[in-house]
Structure formats: C-alpha cells, structure tokens
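Keep the coordinates open while reading.

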Amino acid sequence: MPEGSWDIHVLGPLWVGWQGIETDLGSPQARAVFAVLLLSANQPVTWERIADELWDEHPPATAKTQIHGLISRVRRALPRPLITTRRSAYVLELPAEALDIGRFTTLTAAARELIAEDRLEEGTRLMNDALGLWRGPALPDIAVPSARVAADRWDELRLAAIEDRVEADLRLGRTHGLVDELTEVTAAHPLRERPRAQLMTVLARSGRIPEALEVYLDLRRTMVTELGVEPSPALRALHAGVLRGEPTLRPPVTAPREVSRPRQLPVDLADFTGRAGLLAELAADLRAPDRREPLVLTISGVGGLGKTAFAVRLAHEVRDAYPDGQLFATLGDSGAATVLPRFLRALGVAVDMVPADQDECSALLRDLLVDSKVLIVLDNVQHESQVRPLLPAAPGCAVLVTSRHTLGGLEQGRRVRLDLLSDVDAAGLLSTITGVRHGPDEALLAHCGGLPLALRVAGALLAERPHWTTADLAGRLTAERTRLDWLAVGDLAVRASFSISYRQLSATHRLLFRRLGLLCVPTFGAWLAAAVLGIDARAAERMLEDLVGCHLVEPAGRAAGTARYRLHDLLRCFAAEKAEEEPEPERRQSITRALGGWLHLSEQAAARLPRSVLTPAPGDATRWPADSEPITDPTEWFEAELPALHAAVKIAVAEGMTGHSWELAIMCQQYFDHSGRNELWFQFTTEALTGVPGGRGRAALLLGLGQLHIYWDRFPEAFAALRESLAISEEIGDVPGIARALGGLATTYRVTGQADAALEFNARATALAIETGARHLEIQLRAGAAALHLAEGRPERTWTLLEEALERAMTLGDDHRTAAVLTRCGEFNLKQNAPAKALRQLTRALEIVEGQRDRRCTARVRLQLGRAYAMLGDIAAATDVLAAACSLFVELGDGQNEAHCVFELAHAHSRSSG
C-alpha cells in the first residue's frame, strides 16, 4: 500500500485529496470510473462491471478500449499510485480511515456505546462530530447505479444518527434548536415516523400543543393517502399522550389532569326476557382475555326485534370487563361526524381541542383508546360508513353495533342475526308485561309472531284494558288487513317500526317488497321476485338478497336444490298494505306473471312424473318462463312448493283467473295421485272448482275428484262427479275429455260390481281413445277390460287384452303403465294358480313403481305379492309385504284395499297353522 496521506470524501460531492491538496480527476466519466473503484475499494473490479455502471448494461463496442483510456487518465491525475491491475481487473487500494464514511461509521458506533452507558453528554458530542463530516447529500455528482445505492444507504445511516442524537438530547431535557432541525428532516422524509415523534415531543414540551398535534395529523393524512395505512400504535399512543397532557409531554408548569371514564349505557330493561343462551355466549366472547384485535359484534334483525334492548342488556352484563368506560350513541340518520366529537369530549378532550375534520377526529379517538378497555355501543346503524370511523384499534376495546341491516361490508368482527323469540320466551315476555292475570294464548302469540315489539304492544293493550282477555285481543288480530291497526299503543307501533325500514329502501326495492305482499305465500323461491317485477332473474335475486340484508325478507332454508325465502307474517301484512298503493293494471300483471311462473314450473315438474291419464291438454292460462334451477326431483320440488301452490290456487280463484285456477290444480293433481296425498288433492280441487264455473277446466277437475272418491270408496260421489264431467265434455265437444270421463265411469262400475255397464263404458272409452290417439289411456282401458273379463271367468280374452296392453306399454316406453299391466298379469296368474309366474311379474312391477316412488301403486303391487308368497308357502315373506301394503293403504285412506290386506294376512296365517 502506498504511503502518504490520502483524504477522500463521499459524504457530499466526491473529493479526492493528497496531503490536503485536492486532486482533479478530470472528466465526469473519469470521476465516475474512480467512484466505481472506490465503492469496491481493495477488491478487483472487471472492465465489464465498469462498463455496466457507465452505460447501464448497454456498453458500446469500444467499451473496453474507452475504459482502459479512462483508467490511464485517472492514474496520471493521481499524485501517487492508487490503482493496480490484477488478472485483467482493477483494484483501488485504500485504507478505511482515508474515507470520511469510514470515520463516520467509527464515530457513530462509539457515540452509541456512550449513550447506551448513559454518558449522554459525551455521546451527543461524539455524534455531532460524526454528523459534522457531512457536506450535503452523498455523491450527488456521481451518476452511476452503485453510487446511488451507496448514497441511499449512507443517508439512512445519517438519519439514524440524527435520531439517536436527538433521543439523547431529549433524555437530557434539551429542546433548543431541535424544532428547526427535525422540521427539516421530516420535510425531507415525510413518511418517517421517528423524527415525527421526536418533533411532536419537542413541540409538546415547549407548550406548542396544537403544532404537535398537527405534526401527527399531517403524517396520518400522508400515510393514509399514499400508503393506505394508519400510523403505528406507538405514534398513536404518543398522540393520545399529547392530548391527555401526560407529564413527559408538557412544559414543566403543566399540571396533570384526570382522565375521563364515561358511563353512557342506557337503563337496562327490567322485563327483558329470553335469549339467555346467546347472551351468555356473547358475554363470554366479550370477556375473553388476550385478544389480538378489538371485538366488533354486529347484531342485526328486523325492526321491532329488540336489538337495542339485547345490546344494552349485554353491555350491562360485561361492563365490569371494560373499566375505562362505556360509550353509547344512536346513529339513525346521523353520521360519524356527529358522534365523534361527543365521544372525544366524553373521553376528556377539551372542546377547543376537538379537530374539525372527521378523519382527524377518528384518528384521535383511536389514539385516546390505545391501551384502554372501553366498550362502545352504536345503536340503529344504517350503513357501514357510519361505523368505520368509530372503531377503536386497541385490542382491549369492543364495539356492539345494532342495525336493521346485516352490514355485510363491515370488514371486522362477528355478525349476529337476532332471531325471533321462541314460543316459550314470547309467552314469558307477555306474562311479564301483563302479569299473571293473563295466561298465554296460542292464537295471540301466533299473531305476534315472536316479535318483541308486537308482544310489548299486545301486553300494553291488555294492561290498559283490564276487561279484555288475551282471547279478546287475539280475536281482534285475526284479520290480517286490520292486524297492524291494533298493534299500536302510545308511541309504540309495529307499522311505524316497519315503515322506517321501508323508507330506507330504494324505489325499486320498495316496489319488490310491496309486490311480494300481493302474494300470501308461506315460502317462495327467488324466481318469484323476477316474476312480480317482470325483470331478469339475476337482477331480481340480487334485489331479493338486498331485502334479506335489510331483514325485510327472511331466508327459509333450502328445498329442491334452491334457496327459499319468506316474509314474517306481520311484515307480510305491512307489505300487503303497501301493495294497495299499486295501480290495478300493474298489480294484476304482477299476479298474472307469478301464477304463470308457478304453472310453468309445475308443468316441468309434472312432466318428470309418470304420465297420468287424468291430465288434459294444457289450457290457455298465461305461462311465465320462470328462471329457476332445473327440476331434477319432481317429488322434492312439489313438496317444497305445495304451500305456495295452494296459496296460488286461492289467489287465482280470488282474482277470477279461471285458467290459472284449474290448470294449477290439475298440475298438482298429477303429483297428488302419484304420492297418495289425497287430502291435499281434495282441498286443491274443491277450492279450484269454486272459481271454475264450467268448461274443460271444470270437467278436468271433476274427473280427478271422481277418481279421488273411488280411492276413498265413496262411489255415489264418484258417479256424480264423473257424470258431471262427462256431461260438460259432451256439451263442449271435448272428445278426449269424454273418453277420460267414460273410462272413469267404467272403473266405478267395475269396482261396484256392475260388470256389464263397466264393459260398455270401457268399450266406448277405448274406441274414443283410439280415435284421438290417446295411447296411454288406451293401455289403461285395455288393462281395465282385462280385469273385468277375468272377474267374469273369461281367461283367454283376459290374457289377450293383457298381452296387447303390455306390448303397447313397452313400445311406448311407458314404465308406469307397464307396471300396471304386469300387476294385472300377476293377478291373472294367481287366478290361474301359477304363483311362481305371478311372482316374477309382480317383482318386476314392484321394482318399477318403487323406483318411481308411487306409493299407491306400490301398495297395490305388494298386496298381490303377498298373495303370491302365501300361495308359494312363504308365509314370512307374505306377512312382511302384506303388512307394508296395509300400512300404505291406511295412510292413503283406501279402506277397501286395506280390508283386502287384512283378509289376506288372516288367510296366510291360517295356511301356516293348517
């Protein structure tokens, strides 16, 4: 290493000196080459690396030659040799102490050791010596990448040194001159928190509190705008300390002041009843120790559900876990800007210290709550934006939010959907309000629907009318049109509570809500929303889910693969009232589309059931193409939709929509016949008949009613219904209808033992079925004729008819009719004393009808199977299938076949004992 005194400065513009005299290195490129070698002092640097630095990795073809020339010029400029060549690389050999950055590093390390030993005076002096080596930004005149990287690294060392020295000054109680120095640093590095904190401390200790707060707010605005984050907890704590006037953050003359601990919870209701399990669960959550973030509980539900009372009771239960205070505010239409100043004043911030800006207020609230345990209750929140500015950051805090909306956009916390009161809790609340004088009345409880507000109103009415019983009030609430008129007392009114939620809806959401009120259906699918509005299904579903979010519509589980919805009974009354605002044409169009949607879907479902010969060709009622999930299981679909379909039939009758009345009932009839739901079949049919005075629809309904009476062994009623159906069909010239009615009468004559009349009507019906191409009906009629001939002792004719019917059924691919004919074949072979052959036919028939889940036909096949097993001597098998058949016939109300089962069971056991 060459001897002498080199002094090279990089903490500022590059300066190279030998024994105190500056050396002129020449051109900027020559200075840049020297800087590259200097930054890798004592290490070999290839010409390729120098080329990349000078030309940004795109060197010219002559780069090597140019670099060699630049190195030569630098060597000539240096008064003593510094650059050597090693294996095609260049090395600048220099001791560390020759560089000012080396001396800076040594001095700052020594200064930090002194400060760590509490030798603050010596440490600050040494740190100032180190900082004095700086002559401005490092290497501003050297424009190569490695110089910029090094300069940034050294600048960071300089800032850290300034911060450490200021920290020592503050520990020494010094503030003089620090404001200007720190202001300059924070201006150059606006996102650096430590000098901001030091500047706030200096200003606060100088009594310049507003300026200290402004330093924080300026940083917060910058961080939120540019980075989308809040200041660190430490800086927020410092901010809160400035506001509170903590001893270390005030001039010596400032006296300490008491920190406020607000107690703002409303009075807890003495008669609060129910929801004990949920209260205990949430109280445990609120008391849980060692949370990593504040707990936010959003309690939502429909108006009148008692959300506020629940939240207040919960807050009182856990207030001892939040000793630093409880804050309460009802927001409603108010924004956070209204509530924030109130909360800040409650926490001890002087009026003149409350910021005017909402964001600054929000930040100040978070600062004040650092390391605190405060419970905040925000009641009647309408949207998420009201809540976010009021949320604390301290993990020891918690927030209870009540809202009519689910507030799904709120990023934090747990959502609690408050349910209606159970029957037991509802009865308890009513008894608590009214006293033991009034016992629980099931009708009254049902009319209140578990809604606490309705129960409170009912209780208040009974309390101020001692001459009323609960039955008296229940009677007045029976009529849905006037129910909400009665559920009002003083300033408590169910209608008024619902109206608040209704007014908060958009115009289109209000339209959907009130049009749902046109239809008194227990539950419904999302497609109904599209139907009543006449819009796209996806858009309607989104609107419907919005109403769910507002708790004006409730989820009702899933059925048949789709979500179901419902309106609470009282909300439905309210929606029906609002629906009266609809102009009559729009109202009727909505109902027509809804009924058309049910008809469209029920036709799709019925088409997947075994074909029924009772079903006529479609009528002229308007269909609406309801966009719903494909119906893969018609039985499941009908089970889910039956209550709504029943309501739809009633609506169609009430609205005088004759076509929809009978077509909806007929579509359901196909399912009823298949599943054996006889009572519902009778209800649907008789209700539809009241709205269908004549024509093909009435004839079709009477045909089904006649068949139902046959199942119930009510033969006079069956004859009457079928004869009226036949007369109507003949009057209007409906040949397929005539054929079906004749076939029904033939069956009735057969089961009542009138064989000649049965054969006559069967023949007439068969001829018309062939004429009209009703091939499925023809098969059924041939099987019926075969049964007649078998009973009359004509086996040859019987078998011919059965063979023809079976061939036609199999050719058509009509499994249901195939099973029916196979059952007749089994009966035939039993009659011919061929039980083994019958068993094979009946077993195949049972496989078909069980696969189709046809309960009625399953019972009939099992009856014949029982006979076959008994004849074959398998009494155990006979007993099993006959008992199963008997149970089904009991469920179906088929007394005649039930009696046959009982007889066959007795006969089988007598064979066994014999």
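Contact here means heavy atoms within 4.5 Å. The model is predicted, so local features need pLDDT of at least 70 and side-chain atom pairs count only at pLDDT 80 or more, while totals for chains, interfaces and linings use all residues. Residues are numbered from 1 along each chain as its sequence is written, and side-chain values use heavy atoms, without hydrogens or water.

**Cores**

A nonpolar core is a set of buried Ala, Val, Leu, Ile, Met, Phe, Trp, Tyr and Cys residues joined through side-chain atoms within 4.5 Å. Buried means under 20% relative accessible area (1.4 Å probe, protein chains only). The largest such core holds 160 residues. Phe 513, Leu 516, Leu 519, Leu 528 and Trp 598 have the most contacts inside it. Helix α27 (residues 634-654) supplies the largest share, 11 residues; helices are DSSP runs of H or I, at least four residues, numbered from the N terminus. A second, separate core has 114 residues, including Leu 114 and Val 354.

Which residues does Trp 598 touch, leaving aside neighbours within four places in sequence? Its partners include Leu 519, Trp 527, Leu 528, Trp 637, Glu 641 and Leu 664.

**Cavities**

A cavity is a set of points on a 1 Å grid, over the protein atoms alone, where a 1.4 Å probe fits but cannot get out; lining residues have an atom within 4 Å of a point. Points are joined across faces, edges and corners, and volume is the space filled by probe spheres set on them. The whole structure has 2 cavities of 30 Å³ or more.

| Cavity | Volume | Lining by class |
|---|---|---|
| Largest | About 70 Å³ | 6 nonpolar, 3 polar, 3 charged residues |

Arg 696, Asp 734 and Arg 740 are among the residues lining the largest cavity. Helix α30 gives the largest share of that lining, 4 residues. The second largest cavity is lined by Leu 516, Leu 519, Val 521, Phe 524, Leu 567 and Arg 572.

**Cysteines**

The structure holds 0 disulfides, a disulfide being a pair of cysteine sulfur atoms within 2.5 Å. For Cys 573, the nearest cysteine sulfur is that of Cys 520, 8.1 Å away. Cys 573 is buried, at 3% relative accessible area. The sulfur of Cys 901 is 5.1 Å from that of Cys 886, its closest, too far for a bond. Cys 901 is buried too, at 0%.

Key
Buried means under 20% relative accessible area, exposed over 50%, partly exposed in between (1.4 Å probe, protein chains only). Helices (H or I, at least four residues) and strands (E, at least two) are DSSP runs, numbered from the N terminus. On a 1 Å grid over the protein atoms alone, a cavity is a set of points where a 1.4 Å probe fits but cannot get out, and a pocket is an open set with protein on both sides within 12 Å along at least five of seven lines; lining residues have an atom within 4 Å of a point. Ala, Val, Leu, Ile, Met, Phe, Trp, Tyr, Cys and Pro count as nonpolar, Asp, Glu, Lys and Arg as charged, and the others, Gly among them, as polar.
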